[in-house]
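Subject: Structure handover

Hi,

Here is the structure we discussed. My notes follow below it.

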Amino acid sequence: MSGNPRHHTARLIAALAALLLGIAGCATTPEPPTPGVLTVGVRDPASLLPADLRDQTGQLLVGALWTPLLDYDAATGQRTPRAAESVTSADQMTWEIKLRADGQFHDGTPVTAKSYVDTWRTVAGERWAGSGALTEVLRAKEISAPDDYTIRIVLDRPFGQVPAVLAAPALLPLPASVLASRDWTGFSANPIGNGPFRMAEPWHSGSGGRLVRVGEAAGKAREIRLRVGDPTAQYDQVEAGSLDLATEVPDGRHDAMHHDFADRHAMWPLPEADYLVFPVSDKRFEDAAARHAFAMAVDRAAMAAGPLAHQVDPARSMLSPGVAPGERSGTCRPCTHDEAAAKSLLGQVDFTGPVTMYFDARQERWAAPFAHQIRTALAVDLTARPREGAANETVDGPFLTTRSLSTAGPHELLTALAKTAGYTDEGFAQLLAAADAAGSAAESAQLYRLTENQLLRDLPIVPLWSGHGHAVWTQRVRDVTATPMRGIDLASISV
């Protein structure tokens, strides 16, 4: 070997250093995005059966894999036909749905009226999470298919909210193959829908899956790669550019979201809300003044910013924003935190403690600080205790409840709240029936607000807050929209 050994050693060290720097640079630089491919961070879904959705990821994927009969806007009552060509009724009792003739499942079989009739019969029989849309809200006397592209529904009463029910995920059609095999587990892993995307491969729990667009849509994502992971890590990946869209913002990043993604974040109402219920068996709450006192003792904003970690919106009405029929003209007085007024109201009645407030697993993380708020504000001996029996079992004190909705119309929530509280006022029932039977969206919205106002006045159940979803995305992503029942609309996103 010729030359100075020291020079050889120095050159070797320099070469190794350059190699190490190159490796480090590759590790921190995200791969360039693939044109037309959208990467999305999610959690694992509990189910991908449309009638058995229990989380946001399930709603997101089903919204991409299926096309509903129509889209329904709860705020305006506006309906937009999708898989249906028309939805009509002359008397609000007999409804006729005309299907588009070109509907097709991803396995190539046609989507017919029989597809819906057979699916709905199965959904009602299986009692999946969303089956109440059919059995409790629609309550049809007869559902038939007079021909391949006509569905006929006969109800037991006039009900103008049928379009809201038809838009529900639980009413999406299933192909004949799974209705025959009844392999719900296998189908949930590799669902066959009729929507803008199809599954390119079965879902891999803990990893994710891949969706491929059916047909062409200029400027929109042609493929979606879904990655299961931790929301905090996914938020950081979007910031770094290695993930296009994160569908959840963790508690500790809520404030940062507004400046990290100033014009690249979204929030939307979820179809769920929390309430405090006063059982009719507890005579201490027989006077409405006691119920209003407890309602106004709650500092909803402090709970939202504290134990609930910015994942909810404080209630401003009895109905949650996802199902609210139009704008509100008045405020929800019981939803306002007013400790002085609460003490004054409770002082007007002969109220004695102690009080036990019951909660279940869904309220476990915030029930104790919630009880502490009321105990401190009203100087009442109040204790939070887990509910040991079934949800419909009678308890000897107020209890917390979470309502998850299967439809976007106000009928379902108003009916469920009255039933949960054991509220049987005749005037309320008449107002609700009139709202259900109203012939126009404007008239029904007005009557539903009157129905809601009566619940707020009598207050058998106190609105607390409703959940909301979050998303953040990179600069290459545009046109991100979301709705309460389906979450983010993956089909509309441009990349």
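Strand E1 pairs with strand E11 (residues 245-246) in the parallel sense, over 2 bridges. Strands are DSSP runs of E with at least two residues, numbered from the N terminus. Two strands pair if DSSP finds at least two bridges between them. The bridge partner of Val40 in E11 is Leu245.

This is a predicted model: local features need pLDDT of at least 70, side-chain atom pairs count only at pLDDT 80 or more, and totals for chains, interfaces and linings use all residues. Residues are numbered from 1 along each chain as its sequence is written, and side-chain values use heavy atoms, with hydrogens and water left out.

E1 also runs parallel to strand E10 (residues 223-228), joined by 6 bridges. There, Val40 has Leu226 as its bridge partner.

Is E1 buried or exposed? In E1 (residues 37-42), 6 of the 6 residues are buried, so the strand is largely enclosed by the rest of the structure. Buried means under 20% relative accessible area, exposed over 50%, partly exposed in between (1.4 Å probe, protein chains only). Val37, Thr39 and Gly41 cover one side. Leu38, Val40 and Val42 are on the other.

Next, a pocket. A pocket is an open set of points on a 1 Å grid over the protein atoms alone, where a 1.4 Å probe fits, with protein on both sides within 12 Å along at least five of seven lines; lining residues have an atom within 4 Å of a point. This pocket is lined by 42 residues, with Ala75, Ser320, Pro321, Gly322 and Ala324 nearest its centre. E17 gives the most to the lining, with 4 residues.

Best wishes
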